[in-house]
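Visitor: Could you walk me through reading strand pairing, burial and helix packing? I'd like the general idea, then the case at hand.

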Amino acid sequence: MTNARIAAVDVGNDSIKALFGKSDYEVSIPNVIARDREDRPVIGIEDLHQKDPLDGLHIRVHSPALQDNNVIYRVGDLATKSDNATELDPGSSKSEEDQSLVMLFATIALDAVREESGFKEKNNVVDATYTLGTGLPLREVKEGKDVGFRSQLLGSVHQVEFLVTPKYQGKKVNIKFEEVKVYPEGFAAFINLVMDNDGKIINRDLIDKQILIQDIGGLSTDIAVIRNRNVDDDKAQGFNLGVSESLEQIREEIRSRHGVELDSRRDVVDIITKKNDRNHIMVKGSRTSVHDITDRILLDLAKKEYRHLRNVWQKNSQTEICYFVGGGAMVLKEYLKTLNNNLDGYNIDFFEDEKESIWMMANAYHKLISDFVRKNSPAKEAAAAKDQKEAKAATK
């Protein structure tokens with residue numbers, strides 16, 4: 001595995017978060033794509049290579065894993081400005097959507113094309129090999145969809161061609177996976193709580209406790225039941241409930257009431273979570289509150305999420321604490337805290353550091369895949385072979 005670079009990628013509904021190598025490079029891209037043509041018009045083409053590639057990610061993707069192959073896309077921020085932009089729909093399966101794979105390949109290609117990543121380039125073509133750690137919602141893993149998702153990635157070459165993209169225009173990246181590990185998202189959150197970057201236990205107080213981890217995403221909610229250091233597969237629950245539908249409701253109501261078009265759900269999240277002028281938008285140059293819209297819709301969602309928590313907790317009565325994680329938890333945090341204080345008062349906790357909560361899955365995948373690589377490194381294999389040889393010699 002000496003030539004394979006580590007990639008830990010969280011394909012979140014709102015955005016892709018990825019860590020590479022020894023966390024020497026991180027990237028976050030809005031999970032938005034839009035089909036496009038090859039020669040997209042650019043104003044100031046001579047300045048193209050002075051811009052950030054993330055602002056103009058324009059690619060062609062070729063992979064046998066895709067249902068629609070060899071298609072050209074705008075990705076991320078560039079896609080949000082398109083009339084035909086698409087985001088993952090509520091009820092869809094992350095493991096079965098082309099969009100998940102397009103975003104995964106695009107993110108990895110952005111790392112591979114960098115000189116610092118150490119892959120050789122010849123005639124504008126980069127050949128890159130990765131050991132990938134990623135995850136799927138608990139519901140999809142319980143349905144066995146992780147097996148098909150992993151097999152789509154292994155054994156094939158996936159190519160990303162940068163078209164009218166700053167700095168990388170004309171370059172191609174051929175991506176191969178030496179190994180792919182697909183983890184249940186709830187279990188990954190637990191690992192992040194108890195393991196450091198070197199695979200050592202850092203939070204022994206949690207190791208032997210029975211805890212819940214409620215991961216609220218865009219399209220789904222996972223409630224992992226952790227006991228004896230493992231996810232209890234029979235007790236763990238996955239629900240088709242996330243913040244995306246509520247964000248779309250807010251976006252539509254702002255459009256119909258105030259005539260303001262927001263480009264994507266990310267814009268709605270920014271309005272809800274920004275530090276200054278939270279829950280305010282500009283309408284014809286005037287600062288306008290949308291607090292009544294956001295409060296009504298998000299409180300309704302928080303009640304549904306809290307109901308799931310209560311039902312799972314009742315079936316696992318010896319639970320000591322529930323941790324809320326994920327981008328959705330950050331959006332609903334204050335509403336969930338208020339409900340909890342006014343009702344049953346379960347022992348719940350949130351991560352006050354916004355980045356820590358949002359990047360939790362990517363960090364967990366990085367810890368898990370790094371630990372896997374350490375345990376399966378050539379040096380370790382050689383040492384094991386030597387020990388085995390010496391053991392055989394001793395028995396003669």
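## Strands, helices and loops

Guide: Start at isoleucine 16 in β2, where valine 11 stands opposite. This is a predicted model, in which local features need pLDDT of at least 70, side-chain atom pairs count only at pLDDT 80 or more, and totals for chains, interfaces and linings use all residues. Residues are numbered from 1 along each chain as its sequence is written, and side-chain values use heavy atoms, leaving out hydrogens and water.

Visitor: How many bridges join β1 to β2?

Guide: Pairing here requires at least two DSSP bridges between two strands. Strands (E, at least two residues) and helices (H or I, at least four) are DSSP runs numbered from the N terminus. Strand β1 (residues 5-11) is joined to β2 by five bridges, and the two run antiparallel.

Visitor: Which residues of β2 lie on each side?

Guide: In a regular strand, side chains alternate between the two faces of the sheet. In β2, Ser15, Lys17 and Leu19 are on one side, Ile16, Ala18 and Phe20 on the other, and all are buried. "Buried" means under 20% relative accessible area, exposed over 50%, and partly exposed in between (1.4 Å probe, protein chains only). Six of the six residues in β2 (15-20) are buried, so count that strand as mostly covered by the definition.

Visitor: Which strands pair with β10?

Guide: Two to look at. Strand β8 (residues 125-136) runs parallel to β10 (residues 172-184), joined by 12 bridges, and leucine 136 has proline 184 as its bridge partner in β10. Strand β9 (residues 158-162) pairs with β10 in the antiparallel sense over four bridges; there, glutamate 161 has lysine 172 as its partner.

Visitor: Now helices. At what angle do α9 and α10 pack?

Guide: Two packed helices are described by the angle between their axes and the distance between the axes. α9 (residues 291-315) and α10 (residues 327-342) pack at about 65°, with axes 9 Å apart. Axes are lines fitted to C-alpha atoms, for helices over the stretch in contact, and angles run from 0 to 180 degrees between N-to-C directions. On the α10 side, the residues in this contact (heavy atoms within 4.5 Å) are Val331, Leu332, Tyr335, Leu336, Leu339 and Asn340, and those of α9 include Leu298, Leu301 and Tyr306.

Visitor: How does α7 sit against α9, and what about α7 against α8?

Guide: α7 (residues 244-258) and α9 pack at about 155°, with axes 10 Å apart, which makes them roughly antiparallel. Angles under 35 degrees count as roughly parallel, over 145 as roughly antiparallel, 65 to 115 as roughly perpendicular and the rest as oblique. Among the residues making the contact are Ile250, Ile254 and Arg257 of α7 and Ile293, Ile297 and Leu301 of α9.

α7 and α8 (residues 265-273) pack at about 85°, axes 9 Å apart, so α7 is roughly perpendicular to α8. Leu247 and Ile250 of α7 and Val268, Val269 and Ile272 of α8 are among the residues in that contact.

Visitor: Is isoleucine 213 buried or exposed?

Guide: Buried, at a relative accessible area of 0%. Isoleucine 213 lies in strand β11 (residues 211-216). Not counting residues up to four places away in sequence, the residues touched by isoleucine 213 include Gly186, Ala189, Phe190, Leu193, Tyr323 and Val325. Helix α5 (residues 185-194) is largely enclosed by the rest of the structure, as 10 of its 10 residues are buried; Phe187, Ile191 and Asn192 are among them.

Visitor: Last one: which residues other than glycine have a positive phi?

Guide: Asparagine 70 is one of them, with phi near 60°. Asparagine 70 is in the loop between β5 (57-62) and β6 (71-75) and, at 44% relative accessibility, counts as partly exposed. Asparagine 124 has a positive phi of about 65°. That residue is placed in the loop between β7 (121-122) and β8, and at 37% relative accessibility asparagine 124 counts as partly exposed.
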